[in-house]
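The following explanation leads the reader through selected features of one protein model. Please keep the sequence and the structure in view while reading.

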Amino acid sequence: SLLLALSLLSPWGSAGGSCPPRCVCASNLLSCSQANLSVVPTPLPRFTAVLDLSHNNVTRLRADWAPARLPHLHALLLSHNGLAFVSTEAFTNVPRLRHLDLSSNRLRTLDENLFSDLGELEVLLLYNNEIATVDRTAFENLGRLRKLYLGQNRIARFPLELLREGTRLPQLALLDLSANRLRAVPAGELQALPAWLRDRLYLHNNPLACDCLLFQLLDRGRRRHLSAVEDFQDELRCFLPGASALTKILDLAGKQPLNCSRAREAVLEAHLGDTVTLGCDSRWQGVRSRHWVTPGGERVLGDGGNGSVVLLANGSLQLRALRPEDGGTYSCWVAGPLLNETLYVELLVHNFTLHGPHDTLNTAYTTLVGCILSVVLVLIYLYLTPCRCCCCRGSEKPPAPRDDSINSSVLSTTPNHAGGTGEPCGSHIAPSAGTGQNGRFKGGGTPPLPARQGPKAQRKVSDPDSVSSVFSDTPIVV
């Protein structure tokens, strides 16, 4: 009965579907590894999140392997199957897939729009196959792909379109092209890649032709401690003309017949709207050719767009009216009579004009100081009003008639002082303290009222509990 109750509570019960034969099911995980399967078992439960079909004999992945939609499937493992064919509609019903492992199979081509249905895919493993042809649209619509493993295949053309910023793979952070058949790589374009991508571009174990641009690219990566270069220095080899053995690429400095030189680097800072000149000061005389490559990988042959980039007669590059996007690493390639040299200039464009931030800071500081002073002056006026007499409060003025202006009692916040009676300050005797309305203490006391002598002869002394004192609980310091 206990087993029956557990089976009813399990997602693999009758309500959710049964576990396929020769598979192991746990929660939303389905493992059919090493089950000697030639086809994908059906039906697959709708709530399956991880499906492991590795180490089987599934040689063809047709469009109907998942006849029903699997909205929760995020990991599909199909390695070590001898897989030779994948339908372009094979992933229509698994749109939430984030991890796809097709490694160690027999795939030879990646057809048009093969993975275009996997808009949420993040990791794609295709290493250890027989891939020789990659269609330019095979990785279309993979806007979230971060890691692409294409090592140990037969790829002979470098897929540069996968790396250019803002193209098919905008979030790509790792590209493994090791152990393929690449003979050349676009060193100039690769140098313009962001550092975080160059650090995860693996090119070792390829039959590359020795080239000074390639040497300088990897040498700069070694000096910047990029792991893709430092961890595989011995595997980064190339063919020298007329040599029978491979040569380490990082050992080409000063080695015949190329005699490559290490690249020099410079850093230049500028501000928006400035005009700067990037010099290409080569050490060699009799330079045969010289050209610049922008951070975007474009070669500068003459005037740029709107005349903002100008190639000067002495080989320097002039940039006018700098914009934020003009920042980056510029490369000057120099072909000399004996050596080829490269100079890298890193241009830092600050996102403000030369005087803009200081003026803004001064204005803000002045405004802040003015506000603080205004507040201090208001507080002094309210709480530290100076005494109008020489040393103390004088005698009270005679009270004004009742039918005088009401402004004297409502708008005046300070009691009336003595009007120059000539009595010395020390002879003044303070009235006795008393208790005011609602039991409040009256600081100055209230003199006794004179006897009534008629309706119009009655005089009234200013009362501290007037309108102004009722609405202010803070005494005035004198």
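**Disulfides and their surroundings**

Cys 19 counts as partly exposed, because its relative accessibility is 28%. The model is a predicted one. In it, Cys 19 is bonded to Cys 25 through a disulfide with an S to S distance of 1.8 Å. This link of Cys 19 and Cys 25 is right-handed, with 80° about the S-S bond. A search of the whole structure finds four disulfides.

Another of these bonds joins Cys 210 and Cys 238, whose sulfur atoms are 2.0 Å apart. Its torsion about the S-S bond is about 90°, so the disulfide of Cys 210 and Cys 238 is right-handed. The pair connects distant parts of the chain, 28 residues apart: Cys 210 lies in the loop between E14 and helix H4 (212-223), and Cys 238 in strand E15. Both cysteines, Cys 210 and Cys 238, are buried.

Strand E15 also belongs to an open sheet of three strands, ordered E14-E15-E16, with mixed pairing. Strands E14 (208-209) and E16 (246-248) each have a single partner strand and stand at the edges, so one side of each lacks a neighbour in the sheet. E14 and E15 (residues 237-239) run parallel and are joined by two bridges. Ala 209 stands opposite Phe 239 in E15.

Cys 212 lies in helix H4 and Cys 260 in the loop between E16 and strand E17 (264-271), 48 residues apart. Cys 212 and Cys 260 are both buried.

Methods
Residues numbered from 1 in each chain as written. Predicted model: local features only at pLDDT ≥ 70, side-chain atom pairs only at ≥ 80, totals over all residues. Heavy atoms only, no water. Pairing = 2+ DSSP bridges. Helix = DSSP H or I, 4+ residues; strand = E, 2+ residues; numbered from the N terminus. Disulfide = S-S within 2.5 Å. Buried < 20%, exposed > 50% of the residue type's maximum accessible area, 1.4 Å probe, protein only.
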